[in-house]
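Reader: Please take a close look at one helix-to-helix packing in this model. I would like the geometry, then the residues involved, then the setting in the chain.

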Amino acid sequence: MDAKTAIAELGQPGRFPREALAWTQANWPAVSADAVALCTAVTEGRDESPEAENALFFLLHAGAAARATELHAPLCNLLLDPELAEQILNDGLTEHVSALLTATFDGDAAPLLSVAESTSADMFACAGALTAMAWLAAEGHLPRDLVVAMLRRVHETLIPEEDALALSWAEAVAALQITELEGDARDLFATHIPRGVATLKEFLEDVSAVRRGVTPNPIFDRANAAPLEDAVAALETWRFEVPSEDAGPEPAGEGWIARDVGEPWMNPTRHVGRNDPCPCGSGKKYKKCCLPA
């Protein structure tokens with residue numbers, strides 16, 4: 001297999017390209033230039049083909065596993081576009097974005113800061129960038145003071161609708177043991193974070209676990225913040241299918257095919273996918289209905 005063949009295989013919809021993905025991860029230097037060029041072309045709107053978008057999803061995961069730091073800035077640029085980020089990453093936006101960012105981190109905090117502090121990017125992209133920065137600080141790859149300053153700025157712009165971002169903010173405070181911000185974190189459970197998302201009791205349990213030195217850090221472990229190790233292992237349980245135009249609706253939680261063409265990347269290990277019909281019966285997608293609440 002060569003780079004051209006691998007990328008073509010990664011771009012084919014409706015299946016999991018195990019062999020091409022494994023080859024790409026193992027032979028990343030041969031693919032790197034084409035992967036960066038494709039990410040830039042898709043982000044700039046010069047290539048809107050489904051094949052390019054499919055390939056980019058897998059290339060980002062393979063590159064992360066290969067520690068491709070050249071992907072970091074292009075990935076951050078992609079995350080700044082909320083519609084495109086969701087279209088390319090789908091459930092990866094909530095499950096793998098932190099691991100992609102920490103795995104590709106190139107030492108420059110500016111791109112990460114732009115995502116974490118963005119007021120227009122997808123809430124989950126901002127939350128993932130925030131978590132990634134907290135992990136990088138905990139591991140000594142970013143100055144702690146830089147991350148604390150970022151958290152203070154983000155806190156000033158938080159709105160009640162951003163429950164996922166508020167929770168990531170509180171968890172970063174707990175994970176880094178930023179005692180001067182713990183009061184603000186506690187307050188978020190009364191103003192921004194519904195009980196159905198997380199509770200103050202759970203937050204305090206996390207604070208206690210981190211202070212006791214529990215390993216792995218339960219917050220980073222739960223958020224999949226550590227760098228992605230193996231793209232095949234991370235994705236092999238996902239369902240990659242192109243939805244049939246004449247297929248009837250499936251009950252929420254039983255079908256893990258994205259409901260829009262171009263969004264076939266779903267993780268069946270979650271109870272309800274962001275693009276599944278909302279369990280409340282409204283007919284809307286979960287992400288547009290009860291998920292924010």
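**Packing of α4 and α6**

Author: In this predicted model, helix α4 (residues 50-65) packs with helix α6 (residues 82-89) at an angle of about 80°, and their axes lie 8 Å apart. Angles of 65 to 115 degrees count as roughly perpendicular, so α4 is roughly perpendicular to α6. On the α4 side, the contact is made by Glu53, Leu56, Phe57, Leu60 and His61. On the α6 side, Gln87, Ile88 and Leu89 take part. Sorted by class, the contact of α4 with α6 has five nonpolar residues, two polar residues and one charged residue.

As for the setting, the secondary structure of the protein chain comes to 16 helices and two strands. The chain has 293 residues, of which 52% count as buried. Among its contacts with a separation of 6 or more, 65% are between residues 24 or more positions apart. The protein chain exposes about 12,800 Å², and carbon and sulfur atoms supply 50% of that area.

The largest nonpolar core has 97 residues. Leu59, Leu79, Leu101, Met150, Leu151 and Trp169 touch the most other members of this core. Helix α10 (residues 123-138) gives the largest share of the core, 13 residues. Leaving aside residues up to four places away in sequence, Met150 touches Leu113, Ala116, Glu117, Leu130 and Met133.

Notes. Residues are numbered from 1 along each chain as its sequence is written. This is a predicted model: local features need pLDDT of at least 70, side-chain atom pairs count only at pLDDT 80 or more; totals for chains, interfaces and linings use all residues. Side-chain values use heavy atoms; hydrogens and water are left out. Axes are lines fitted to C-alpha atoms, for helices over the stretch in contact, and angles run from 0 to 180 degrees between N-to-C directions. Helices (H or I, at least four residues) and strands (E, at least two) are DSSP runs, numbered from the N terminus. Angles under 35 degrees count as roughly parallel, over 145 as roughly antiparallel, 65 to 115 as roughly perpendicular and the rest as oblique. Contact means heavy atoms within 4.5 Å. Ala, Val, Leu, Ile, Met, Phe, Trp, Tyr, Cys and Pro count as nonpolar, Asp, Glu, Lys and Arg as charged, and the others, Gly among them, as polar. Buried means under 20% relative accessible area, exposed over 50%, partly exposed in between (1.4 Å probe, protein chains only). Accessible areas come from the Shrake-Rupley method with a 1.4 Å probe; for residues, only the protein chains shown count as cover. A nonpolar core is a set of buried Ala, Val, Leu, Ile, Met, Phe, Trp, Tyr and Cys residues joined through side-chain atoms within 4.5 Å.
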